[in-house]
Amino acid sequence: MKISYRWLKEYIHTDLSPEEMSGVFTSIGLEVDALEEWCPVKGGLEGFVTGEVLTCERHPGADRLSVTKVNVGEGVPLNIVCGAPNVAAGQKVIVALIGTTVYTKEGSFAIKKSKIRGIESEGMICAEDELGLGNSHEGIMVLDASAVPGTPAKSYFKIENDCIFEIGLTPNRIDAASHIGVARDLAAYLEVNVPGFSKEDSYHIPPVDAFMADNRDLPVEIVVENTEACPRYAGVTISGVAVAPSPDWLQNRLRAIGLSPINNVVDITNFVLHETAQPLHAFDVAQIKGGKVTVKTLPEGTSFITLDGVERKLAGDDLMICHAQGGMCIGGVFGGLASGITSQTTDVFLESACFNPVYIRRTARRHGLNTDASFRFERGIDPLNTVYALKRAALLIKEIAGGSISSEIIDIHPHPAIAFPVHLDFSRIRKLTGTDIEAAIIEKILAALEIKIVGRPDNGLNVEVPPYRVDVRREADVVEEILRIYGYNNVQFNNEIYSTLSYAHKPEPEKVINTVGNFLSSCGFNEIISNSLTKTAYYQLSTVFDSAKGVNILNPLSQDLGCMRQTLLYGGLEAILYNANHRHPDLKLYEFGNCYTKETREGQLLEGFSEEKHLAMFITGAKQPENWNTPLQPADFYTMKAHAENVLKRLGIDLRSLNLTEAATNDLFSENLIYSDKDTLLLEVAVVNPHLLKRFDIKSPVYYADFRWNAVMNAVKRVKIAYRELPRFPEVRRDLSLLVNSQTTFADICRIAAAAEQKLLKHINLFDVYEGEKIAEHKKSYAVSFILQDMRQTLTDQQIDRAMQRIAGALEKEAGAQVRQ
């Protein structure tokens, strides 16, 4: 939200500089994200001065150029060659001096001392568009004869720089979503913290006492059918209005906060919105069929064309402002194309309303509309401000656009808003703030915040919170308000420590996640966080996922955020594509995240939802960065397999206890290896299907691992950590060359060998695989090393031979292996 410093000072008298004010705003909860200078004229007319044309003669070498002598208040007149047809001696003009930057629609250029057709030129006499004060380029701008040569153009045109605060307004502080709201909060702080400052004397809002109906010639009937959606609706008519461009002061106020002026009537409604936080809407009375305004909902599917020319299908609970024949405006969100203010408008119906935030939020999200009005209505505006803002706008329209107020204000307010009662206990204030604040200071703060004290029971206060503070409803909220104005920096630290002892079941989930995250980061992986909302199309195009189990969003912000993710795969592929497009092709990524589906039981969908945590890993590109002494090698399936298994090892899970199976290919994976703990899926290591990568426009192979984190945590719970002394006796290595069936895996070898020799066998490694010449069909050769060790003594040759014979015999019997000599 943008707040203008100069505009703000129309409501509060203070000598605080923009920088000092910025610090105050942040301390009271209105955090200033940026503070920028703004000028209504680009460049601020720096380097431009007024001048007087002393002489004007035709250029000897060009019929369309003139050679002038111009007095710019520096004693020696400047020689300037000018191409304007209207330049003449005796004129007062604006001159751009040497070194000045001139901004035009085409760009900018600097004024230099130069020769034009042989005549020296020491500046430039400017037209309107070269000054940024208009669009005319037909000739130079001629000033009033009273202009004094040498006066800076900035002073002559009374150009005032401004400072713009960019405030990161939190959703609960809608009371400060305007210049008056921010001034009110600033005044409360200064009242309490600056001696001599009086809010009553220094803070004020524009009076509307002058409002009165000039006549009653243009009545409009108002009917509110849905009072739940519209608790308050007020309107007034103004006739004889002349729609035209707004005066400069009004245009500059709007431009300073990033708005584009449209016409005087619309600009006034925008001005009052940012002044008071009360959205207004102006209708052309000629377009109100039947002379009646009705606030209601229309049937589901009704077509309505909004101000941007888009035809929208209305929902059954979209609140509409209607005339006798149909809709004119989506209430509180967006106007209609047919009923808006145009240059032909002469009679205006001005609306000021208070809408239910729930209705506005649903409608705005449903239609993808986010306007200044919906922003405020969604969060809850001040219901007592409705008529004040209407009077303020009506008086401004009458002043700027002319016309007469042609009706009394019609104000439909069946259930007037009341202040919210809260009991405040002094001991509670001490407990929540951690400091003793004097009762007198508390009462002063409450008065400055316009929170009325209605009772003083023992050790506390009974207060009433004004309706515009929609976020202050509990005792803790009032305490927060007191502390906000008292100043967080005024709370002193003491030596007391308050702590709560807690017991966490082992293993601690967050600790395990941090352990794995640190481990992967140390292995060169980068953590990513992708959106839990994703494209519905991903799951509709895949045969792996059941679209009926998908959790769809009823009011998605966009088509790209239509459902909750069922896998972390797609988010990782989006991250890979983004990095590849930015010249980062070699990636190792990981992500912890939840996946969501509808709950099922025995194949039947239930009402609830399932949320399961996963760990995903992605590898693509080279194994390691390019280096002068290491050849560049692409990552492969076994690179991912090794990293995934290392994660399990880091958690203490014994890989030998897991079952490994190859899964069938599908539209997600062309190769897929499953790790199971008994019947529970623990881990998938896969090669992403090239067809899927093509859809994402990813050129390099991608390797993927998916940990079912809940299952991993259950396995970790069973891990028992045992400590033993370092072995004092040496290891022994023996190798076997085995001829096995092509279907036999290394995992089978490990399982059989471990079962055959449980006492001495410590480690098994596969160091060579061969298939081809001199090997029978459907056979392959494995070269396997076995590490043997006894923790109590040095192994003898007889012990080693017996152990190897048991291993070889078991492999021959159970795997059909032949030991090759």
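**Notebook: a look around a predicted model**

I started at Asp-790, where a side-chain atom sits 2.9 Å from the backbone nitrogen of Arg-792. I count this as a polar contact, that is, a pair of N or O atoms within 3.5 Å; within protein, one must be able to donate a hydrogen and the other to accept it, and residues adjacent in sequence count only if both atoms are side-chain atoms.

A note on my ground rules: this is a predicted model, where local features need pLDDT of at least 70, side-chain atom pairs count only at pLDDT 80 or more, and totals for chains, interfaces and linings use all residues. Residues are numbered from 1 along each chain as its sequence is written, and side-chain values use heavy atoms, with hydrogens and water left out.

**Asp-790, continued**

I found Asp-790 in the loop between β39 (779-788) and α22 (797-814). Helices (H or I, at least four residues) and strands (E, at least two) are DSSP runs, numbered from the N terminus. Is Asp-790 buried or exposed? I looked up a relative accessible area of 4%, so Asp-790 is buried. Here buried means under 20% relative accessible area, exposed over 50%, and partly exposed in between (1.4 Å probe, protein chains only). Setting aside residues up to four places away in sequence, Asp-790 touches Phe-729, Lys-759, Leu-760 and Leu-795; contact means heavy atoms within 4.5 Å.

**Gln-278**

My next stop, Gln-278, lies in the loop between α8 (264-276) and β15 (280-284). Its relative accessible area is 0%, so Gln-278 is buried. A polar atom of the Gln-278 side chain is 2.8 Å from the backbone oxygen of Ala-353. Beyond the neighbours within four places in sequence, I listed contacts of Gln-278 that include Ser-352, Ala-353, Phe-377 and Asn-385.

**Cysteines**

How many disulfides are there? I looked for cysteine sulfur atoms within 2.5 Å, which is what defines a disulfide, and the count is zero. For Cys-82, the nearest cysteine sulfur belongs to Cys-56, 7.5 Å away. Cys-82 is buried, at 4% relative accessible area. For Cys-595, the nearest cysteine sulfur is that of Cys-563, 11 Å away. Cys-595 is buried too, at 5% relative accessibility.

**Pockets**

I then turned to the open spaces. A pocket is an open set of points on a 1 Å grid over the protein atoms alone, where a 1.4 Å probe fits, with protein on both sides within 12 Å along at least five of seven lines; lining residues have an atom within 4 Å of a point. The largest pocket holds about 1,800 Å³. It has 49 lining residues, and closest to its centre are Lys-641, Glu-645, Leu-655, Phe-746 and Cys-750. Elements that each supply at least two lining residues include α18 (637-650), α21 (746-756) and β39.

The second largest pocket has a volume of about 800 Å³. Among its 24 lining residues, those closest to the centre are Pro-40, Val-41, Gly-132, Leu-133 and Asn-252. Which element gives the largest share of this lining? I noted α7, with six residues.

**Two positive phi values**

Glu-450 is not a glycine, yet its phi is positive, about 65 degrees. I placed Glu-450 in the loop between α13 (439-448) and β26 (452-455). At 34% relative accessibility, Glu-450 is partly exposed. Asp-697, also not a glycine, has a positive phi near 60 degrees. Asp-697 sits in the loop between α19 (690-695) and β36 (702-708), and is partly exposed at 48%.

Conventions:
Grid points are joined across faces, edges and corners, and a volume is the space filled by probe spheres set on the points.
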